[in-house]
Amino acid sequence: VAVPASARSLCAPCSWPSGEYWASLPNPVLSPPPGAALKLPRFPREATLAPAQPFEQLDFGSATAGRLAEPQHSRISFGLARAASLRGLALHIEVAFPPLAEGAAPRVSSADEGSHWPTVLLPLPQPAEVAVGDTLVVEAEARSADEQPRYSFHVWLQRAGAPSQPEALGCLCYP
């Protein structure tokens, strides 16, 4: 039996997966419900618009275990790699285990192909058309002290070359 050494939660801006993806689900979705968080198996990586970045880190070592209940705040900037309709944030977790005798530390990610853990998709209130070079700014808060952890994400879009204030896209909460 392996006990995790640490875990982290990551998010990535995303578009909707293709129609083929929605139709392939065990319970096919004709149209995703607006505003509802979705738990999606085998979320396609091609739907992400930038590499995922961590917003929560949990270290289970004895020196830091007492701080697990403290809220974590992070500000993340995503340089968008392609033009698309930005639809929300895709959240996944990674769990790391202590190193094996050979020195390799096993890692399990819900974003890995074949994972049985779903990706959580938090849709924006309204889609936003984005271009290459735009920057998505996310201020995340993770609260693990409650029986059910709670997450909130304030999302802004800074248009490439636009000196103006970023455009507020909404606050996403889970659950």
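In this predicted model, the second largest pocket draws at least two lining residues from each of β5 and β6 (107-109). Strand β5 contributes the most to that lining, with 3 residues. In total, 22 residues line the second largest pocket, and those nearest its centre are R45, T48, A52, H92 and A111. By class, this lining comprises 11 nonpolar, 6 polar and 5 charged residues. The space within the second largest pocket amounts to about 280 Å³.

The largest pocket has a volume of about 350 Å³. Its lining consists of 16 residues, with S9, H92, I93, V120 and Y151 lying nearest the centre. Two or more of the lining residues come from each of β1 (6-14), β3 (53-59) and β5 (84-96). Of the residues that line the largest pocket, 10 are nonpolar, 3 polar and 3 charged.

The largest nonpolar core holds 27 residues, and L136, F153 and V155 touch the most other members. Two or more residues of this core come from each of β4 (72-79), β5, β7 (119-130), β8 (135-143), β9 (150-158) and β10 (167-174). Strand β7 supplies the most, with 5 residues. Beyond its neighbours within four places in sequence, F153 is in contact with F55, L89, L91, L122, V138, E139, A140, G170, C171 and L172.

Terms used
Residues numbered from 1 in each chain as written. Predicted model: local features only at pLDDT ≥ 70, side-chain atom pairs only at ≥ 80, totals over all residues. Heavy atoms only, no water. 1 Å grid on protein atoms, 1.4 Å probe; cavity = no way out; pocket = protein on both sides within 12 Å on 5 of 7 lines; lining within 4 Å. Points joined across faces, edges and corners; volume = space filled by probe spheres on them. Helix = DSSP H or I, 4+ residues; strand = E, 2+ residues; numbered from the N terminus. Nonpolar A, V, L, I, M, F, W, Y, C, P; charged D, E, K, R; others polar. Core = buried A, V, L, I, M, F, W, Y, C linked by side-chain atoms within 4.5 Å. Buried < 20%, exposed > 50% of the residue type's maximum accessible area, 1.4 Å probe, protein only. Contact = heavy atoms within 4.5 Å.
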